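Below is a short report on a predicted model.

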Amino acid sequence: MGFSGCQQKSPRRLVMSPRGSLLFFILFLINIYAFVNCDAGTSLASGEQVESPSLAWYPSSPADSFVPLSLMSSFPEDLEISNYCLELLGLFSQRYSDYVKCLVPAARPVRVCLKCYSGYGSLLNAYTNISSNQMGPGNESCRDSLLRSDRLMLVYVLFSNMQDLWEKSNCDFCITEKFQNVNNETLNFMKNLNQTLSCFEKYQQGNHTELCKNCKSSYKGLNELYSKMEKTLCIDVEDAMNMTRILWSKNFNCSLPRDETVPVIAVSSFMLFLPVIFYLSSFLHSEQKKRKLIQPKRLKSYTSLMNIQDKQS
Amino acid sequence: MSNITKKVSWSSRGDELGAAGEGTPLLNGSEQPRHSRQVQLSLDYDNIENQLFLEEERRMSFTGFRCLEISRWLICGLIGLLTGLIACVIDIVVEKLAGYKYEAIKQNIERFTEVGGLSISLILWAVLNFSFVMVGSILVAFFEPVAAGSGIPQIKCYLNGVKVPRVVRLKTLVVKVCGVICSVVGGLAVGKEGPMIHSGAVVAAGVSQGRSTTLKKDLMIFEYFRRDTEKRDFVSAGAAAGVSAAFGAPVGGVLFSLEEGASFWNQMLTWRIFFASMISTFTLNFVLSIYHNNTGDLSNPGLINFGRFESENLNYNLYEIPLFIAMGAIGGVLGALFNVLNYWLTIFRIRYVHRPCLQVMEAMLVAAVTATVSFTMIYFSNDCQPLDSEHAEEYPLQLFCADGEYNSMATTFFNTPERSVRSLFHNQPGTWNPLTLGLFTLTYFFLACWTYGLAVSAGVFIPSLLIGAAWGRLCGIWLASIASIWADPGKYALIGAAAQLGGIVRMTLSLTVILVEATGNVTYGLPIMLVLLTAKIVGDYFQEGLYDIHIKLQSVPFLHWEAPATSHWLTAREVMSSPVTCLNRIEKVGTIVDVLSNTSTNHNGFPVVMQPAKLCGLILRSQLIVLLKHKVFVELAGSRLSRRKLQLKDFRDAYPRFPPIQSIHVSQDERECLMDLTEFMNPTPYTVPQETSLPRVFKLFRALGLRHLVVVDDANRVIGLVTRKDLARYHLGKYGLEELHLAQT
């Protein structure tokens, strides 16, 4: 595949995230496919938006996207895509780029669910429009023409990437249905988290023992709340808790100290001493089983071992 | 004479001969004082072709034989089914109880980590272990000592032809199952796999007889199978079913049975054994799938589940083969060390810790110490790992780790051994740091070595695998850091486990297949085989396998595959026991009773002679007792015409617990009567001339499963009798052929 060959090269050559280059390239291909009728300006704009974090790409991109366009020629009428479908595609493209634009800055610390859930909702909406069986104005379905007419199945792949991302981050667990809002449990957790973090901030300066003492209750409350929440949590909550824990245990060193070494050693050495006593006493006091050797009954001349040895030598 | 003496016992070692003069000789130990009257007998695998037998065979129709064949298959199916169910019961109960135990301790530890007082958790852990093991140990020590250990040595002996007393009784099974549950839940360094083999064998012996003498229930079915030959076949099927339930390895089970009892084997039997194995692993699978709420999912064979080795990283390359072989050598050395230590420990136990109450105390102490050592290790471990959602730890302990992390020492110690093995195989690289693994290997090695041989029923498979997996993983980590080749530690853990297990038990083909089947990956066949091969070669250089050591120490006249190498110059005349107590063909009842009740000689087979001393048959003690019981005297035969003739059925009904001679009352008048043995004796016993060499005699015994071999001179006069014990005493030592001394307990 020429496509994949090019895509593999780019991360090595250029300092750019694979996803960014992929996105750019994909959008670039949309341009090719949707050639003349397409509003090239919009597509290009979205391409620029996606790849804007990487400066290395910027100068070359306009040239890359324009040269092939001029080489394309048009297909006959009946193979072309209706305006209705192109509209849907444009909407999808717009929402896709919005969502990605929201996602990337939310990568660290992870807030992909809480910040971008509405973007995902509208993206899902746009995709549903494309993929639904519903007939458009010209009694045509865009599903086949947009999703399945080539081996690349670009729109589908793009969307399923985002869907995977959404599912992997378990975002459904902190967003209410229909992507309306963040659910109460998560809000509550975030409130607690903010309390704890502000407490950390307050005592951050100077001695950490102070912090450990004063923030313990709020931290413990947060910890308990976290463990009481459902088993699967969205990545935002999980990550926030992880970070807080790392702050607490590693940065501020508030883990429990190992201060009971003496009693533990005492009890264990007592336990370890018991078998010694047991074996010694059974060695000294238990009567040993004695063995009586008995000679097998044989013919007189063959009884002893001496005989064997004699015969061997 | 058939039995050289009553209460014969075996000294195990050749090199002990020298020491026997000055020091106190070793003693044989398996027999408890109160059981010391038990004699190690042999099984009668040879068919007694007397007239009764011939008559019965003549009466039996073609369909009768068909029915027999069908009922053999039926029995094998039943054996598989019941063995699988027993395995399920053990598995589920262990899982539940261990779950409660670890949950309780975990909560306790969590509470005390914060407020202080962790030594209380330590005591709680020790006490819990202690009490479980106490129950198991009391059961074993006071009720059924033969259920101690893994039972594999006993089954090996049984299949070899030695009648280990009470080894296939129902009571033994009950004690074994309860004992295993207690000892695994009690946190000892043991597994539940070895005992499954014994359990399967007991099930087989019980089912095939269609009755239980313990419960005094006779279903009146399968009467034809009430003799040693048939029972042995079923017992081998049961052992195979046990292996297959334990490891999910049906083929391994069949091969295990073949390896241990191969001299009596044929194609149809193997096929039936395989059937039993299949049924057993299927049953276990099915019932466990119901238990785990995914009925019909048949992909969990076996009690121990190694998990799936399917990742692409687990391929191996040619350059790794030498590494595997080196690991095999390490396994052999460590295994030999294990065996030597356990050997000395067992001798100490035999000498000094032989009273049941002492044995119980010892087991309890081991349990407490195991808990203590584990706790101390966990307490002082600094190895913290982040919690991982994919390999969710069953009971993660945080202790002094940062929040969100768990103590990785606790994954190995604070868990049932099976789970620890699995996590060593499959947890991703970096789950343990090398120090943790090293310490774990060291402590677990000694704990396992100390534990094996206690009066609890428990197997050595899992501890060996665990030790091996730990140091194997260590090797993997080390290789990855030294050679900068990317080695998956899980793969090396598997190889290490195979090496360690092979180094300890020294089984060959069957163990390879068992491991391959348990791994579920045929690609590992070659490395596992190479590793086991090396481990066996290296280990045998130092010390025998663990089971062989214990067979020797239990003073069992075990016949190995071959006679000692340099024994061709020994003739039957030198080996045999002489003089022989013979009976006349028509013998006075008084004489027979006297011979049988002579306590100084406890003979089991009596050559029947015609005057003067010409051999015409062989009769067994059990037959004579049945004859006496039914008063088959010549004088009475005429007077009671209506009385029905004695049939083979009467002999079978008394099998396998023939009454002792003391319980049979013979009046003074009856002592003067005569008994005609012609009908009942085996008219064609195997005989050898007196110049036959020892290996020849040995081969006859090993291949035919003989119990008595009459030595005759050219005039067919009885001059001696060779039994299993006369053969088993010869032994190839450092200074050539040595004769072991018999000991009396």
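Helix α23 (residues 621-629) of chain B lies across β8, β10 and β11 of chain B. Its direction makes an angle of about 75 degrees with β11(B). Helices (H or I, at least four residues) and strands (E, at least two) are DSSP runs, numbered from the N terminus. Axes are lines fitted to C-alpha atoms, for helices over the stretch in contact, and angles run from 0 to 180 degrees between N-to-C directions. Contact means heavy atoms within 4.5 Å.

The sheet under discussion is open, has three strands in the order β8-β10-β11 (chain B), and shows mixed pairing. β8 (583-584) and β11 (614-620) of chain B are its edge strands, each with a single partner, so one side of each has no neighbour in the sheet. Two strands pair if DSSP finds at least two bridges between them. β8(B) and β10 (residues 605-610) of chain B run parallel and share two bridges. Asn584(B) has Val609(B) in β10(B) as its bridge partner.

This is a predicted model: local features need pLDDT of at least 70, side-chain atom pairs count only at pLDDT 80 or more, and totals for chains, interfaces and linings use all residues. Residues are numbered from 1 along each chain as its sequence is written, chains are lettered from A and ligands numbered from 1 in the order in which they are written, and side-chain values use heavy atoms, with hydrogens and water left out.

A second open sheet of three strands in chain B has the order β13-β14-β15, again with mixed pairing. Its edges are β13 (687-689) and β15 (718-723) of chain B; each has a single partner strand, so one side of each is left without a neighbour in the sheet. From one strand to the next, the twist averages 30 degrees. β14 (residues 708-712) of chain B and β15(B) are antiparallel and joined by five bridges. His708(B) has Thr723(B) as its bridge partner in β15(B). Helix α27 (residues 694-704) of chain B lies across β13, β14 and β15 of chain B, at about 145 degrees to β14(B).

Next comes a hairpin. Two residues link β16(B) to β17(B). β16 (residues 730-733) and β17 (residues 736-739) of chain B run antiparallel, with four bridges between them. Leu732(B) stands opposite Leu737(B) in β17(B).

UniProt, in an unreviewed entry, places "domain: CBS" at residues 681-739 of chain B. UniProt positions are given in the numbering used here, feature names are shortened, and annotations may be inferred rather than shown by experiment. That span is 27% helix and 37% strand, and its end C-alpha atoms lie 33 Å apart.

Chain B is divided into domain 1 (76-291), domain 2 (318-376 + 432-553) and domain 3 (572-739). The bounds come from an automatic or database domain assignment. The centres of domain 2 and domain 3 of chain B, taken over C-alpha atoms, are 46 Å apart.

Two helices can be set side by side. The expected span is 1.5 Å times one less than the number of residues.

| Helix | Residues in helix | First to last C-alpha | Expected span |
|---|---|---|---|
| α13(A) | 25 residues | 36 Å | 36 Å |
| α4(B) | 26 residues | 37 Å | 38 Å |

The buried residues of α13(A) include Val264(A), Met271(A), Pro275(A) and Phe278(A). Buried means under 20% relative accessible area, exposed over 50%, partly exposed in between (1.4 Å probe, protein chains only). Their cover includes α4 (118-143), α11 (321-352), α12 (356-380) and α15 (434-451) of chain B. In α4(B), Trp125(B), Asn129(B) and Val133(B) are among the buried residues. The buried residues of α4(B) pack against elements including α13 of chain A and α3 (62-115) of chain B. The "transmembrane region" annotation in the unreviewed UniProt entry covers residues 20-36 and 262-284 of chain A. Residues 262-284 of chain A are 100% helix.

Two single residues close the report. Gln500(B) sits in helix α17 (residues 489-505) of chain B. Gln500(B) is buried, at a relative accessible area of 0%. Beyond neighbours within four places in sequence, the contacts of Gln500(B) include Phe445(B), Ser464(B) and Trp471(B). Tyr444(B) belongs to helix α15 of chain B. Tyr444(B) is buried, with a relative accessible area of 6%. Not counting residues up to four places away in sequence, Tyr444(B) touches Leu188(B), Phe413(B) and Pro463(B), among others.
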